[in-house]
Amino acid sequence: MISSQTPFMDLRFHVQTYGCQMNKHDSERVFGMLESLGAEAVDSIEAADVVVFMTCCVREAADTRLFGQVASMKNLPLREGSPLSERLVAVGGCIGQRDGERLFESLPNLSVVFGTQNLASLPTLLQSAYSGAGKSAEVLERSTAFSSDLPTNREQPWAAWLPITVGCDNFCTYCIVPHVRGRERSRELDDIVAEARGYVEAGVKEITLLGQNVNSYGRDLYGEPRFAEVLEAVAATGIRRLRFATSHPKDLTDEVIAKFGTLPCLMPYLHLPAQAGSDDVLKRMNRKYTARHYLQLIEKVRAVRPDIALSTDIIVGFPGETADDFEATFNLVKSVGYSQVFTFIYSKREGTPAAKWDDDTPREVVQQRFDRLVEVVQESAYRNNQTDLGTEVEVLVEGTSKRDAGVLVGKSPKNQTVHAPLPAGFTIDQLAGGFVTVRVEEARTWYLRGTVVGIEEASA
Ligand code: 5AD
Ligand code: SF4
């Protein structure tokens with residue numbers, strides 16, 4: 001590791017995060033590590049001596065953005081008083097893992113590359129670049145370390161992400177994740193519970209369990225999935241709100257579904273990626289379920305928790321998607337009535353099986369399908385929010401609106417964004433991280449608005 005005489009004391013750093021919650025979690029560890037060594041976090045690239053990119057390569061757009069951004073920094077002057085002669089740029093996350101040292105060729109101003117398993121090495125890598133030892137990269141294939149063991153500085157002190165698995169064994173034919181994040185590895189149950197308990201003791205109100213497919217948690221350790229047990233054990237720590245992401249429909253068991261009925265802390269929100277509604281497309285995606293099976297799961301979930309908010313991921317324009325295939329997807333989305341749908345246009349990823357398949361649907365046709373889907377998604381989001389009009393919802397307060405500092409913003413149990421004027425006599429610092437009850441007076445597509453009618457706890 002690093003000695004206490006390291007030069008981090010004088011450094012200012014900035015972290016730019018792309019992609020999924022796992023990356024956001026890892027970025028919080030980067031903050032934690034560099035701050036614990038004495039470096040100071042700043043919120044712009046211009047003000048930073050060290051810039052760390054936590055990258056994503058799931059779709060091409062994120063790739064292109066990274067390359068553009070790093071290249072454009074070449075001529076950006078350093079701040080006055082910087083101890084460096086040149087800005088240090090580090091690339092981690094999925095692109096770091098995928099491209100390794102090759103990145104130095106395409107991005108000459110890059111100093112450090114680290115893989116998804118090498119977060120703990122970042123300070124050492126930076127230090128060797130800093131001390132003039134040249135560019136350095138570390139990209140391990142496999143490691144048993146979980147980044148949760150590293151120091152953290154959470155973006156919101158009252159909410160924590162807790163990885164229970166990393167990697168993925170599913171090899172959906174469009175997806176690069178198993179190729180860059182490796183095979184699925186689960187964390188010991190005791191470690192998960194110990195971390196959750198620590199968060200509860202530190203005043204954390206909401207834990208989100210993370211994994212590419214949380215439902216298969218434990219298969220590698222215990223020979224069978226034990227996710228329902230994780231939910232039970234984490235709930236027993238006394239956490240107020242519990243969420244998880246992501247669930248693969250083929251592995252969502254009745255036992256897990258039942259927890260939505262028995263664990264009051266388990267929030268009524270489920271993200272269940274369908275990807276498509278055509279059985280032929282699902283088969284070619286290697287998803288291992290049918291549209292019928294998916295819809296049955298939705299029925300089961302709603303039987304246990306009728307008010308649950310559902311969200312999903314959909315890919316439009318998968319190679320060979322016919323008009324009928326798309327219609328099936330459209331109908332599935334329409335019939336479920338999701339609260340939120342993340343819609344993606346298929347993006348070809350080299351190294352995945354689908355990248356080799358004919359992809360001849362014209363771009364305009366794919367775009368039209370995408371637009372039709374977005375429209376139906378907006379309708380159902382609006383309809384779902386309308387059902388909450390006149391009700392009272394419990395809101396975990398996050399901060400104030402960017403547009404109006406007099407309006408508090410937070411999240412409902414169903415993960416809706418809720419706005420309400422700050423109640424008289426309270427500042428946001430007193431309310432952030434606590435719960436208020438809001439009477440809903442306005443329901444829009446992407447948010448609810450109302451009045452605070454109760455304040456449960458205000459931090460000192
Ligand atoms: N193209 C488009 N979308 C993709 N996703 C994963 N890989 C691709 C790809 N190659 C989407 C899936 C997944 C989400 C995180 O990203 O819908 O659930
Ligand atoms: Fe990718 Fe499929 Fe694994 Fe999700 S389950 S990360 S889509 S391979």
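Q: Which residue of β16 stands opposite Leu396?

A: Strands are read in pairs: two strands pair if DSSP finds at least two bridges between them. Helices (H or I, at least four residues) and strands (E, at least two) are DSSP runs, numbered from the N terminus. In this predicted model, Leu396 has Lys411 of β16 opposite. The strands concerned are β15 (residues 392-400) and β16 (residues 407-411), which pair in the antiparallel sense over four bridges.

Q: What conventions apply to the numbering and to the confidence of the model?

A: Residues are numbered from 1 along each chain as its sequence is written, while chains are lettered from A and ligands numbered from 1 in the order in which they are written. The model is predicted: local features need pLDDT of at least 70, side-chain atom pairs count only at pLDDT 80 or more, and totals for chains, interfaces and linings use all residues, with side-chain values based on heavy atoms and with hydrogens and water left out.

Q: What is the arrangement of the strands β15, β16, β17, β19 and β18, closed or open?

A: They form a closed barrel of five strands in the order β15-β16-β17-β19-β18, and the pairing is mixed. Neighbouring strands of this sheet are turned by 55 degrees against each other on average, direction ignored.

Q: In which order do the strands of the open sheet run?

A: The order is β12-β13-β14, three strands with parallel pairing. Because β12 (269-271) and β14 (340-345) stand at the edges with a single partner strand each, one side of each has no neighbour in the sheet.

Q: How is helix packing read, and what is the angle between α12 and α13?

A: Axes are lines fitted to C-alpha atoms, for helices over the stretch in contact, and angles run from 0 to 180 degrees between N-to-C directions. Angles under 35 degrees count as roughly parallel, over 145 as roughly antiparallel, 65 to 115 as roughly perpendicular and the rest as oblique. For α12 (residues 291-304) and α13 (residues 323-336) the angle is about 5 degrees, with axes 12 Å apart, and these helices are therefore roughly parallel to each other. Contact means heavy atoms within 4.5 Å; by this criterion Ala291, Tyr294, Leu295, Ile298 and Arg302 in α12 meet Leu332, Ser335 and Val336 in α13. Ala, Val, Leu, Ile, Met, Phe, Trp, Tyr, Cys and Pro count as nonpolar, Asp, Glu, Lys and Arg as charged, and the others, Gly among them, as polar. The residues of this contact divide into six nonpolar, one polar and one charged.

Q: What is the packing angle of α1 with α5?

A: Helix α1 (residues 21-36) and helix α5 (residues 122-130) pack at about 55 degrees, their axes 10 Å apart, which makes α1 oblique to α5. Val30, Met33 and Leu34 in α1 meet Leu122, Pro123 and Leu126 in α5. This contact has six nonpolar residues, no polar and no charged ones.

Q: Where does the backbone contain a cis peptide bond?

A: The cis bond joins Ala245 and Thr246, with omega about 0 degrees. Thr246 is placed in the loop between β11 (241-245) and α10. A separate backbone feature is Lys288, a residue other than glycine with a positive phi near 65 degrees; Lys288 lies in the loop between α11 (279-284) and α12.
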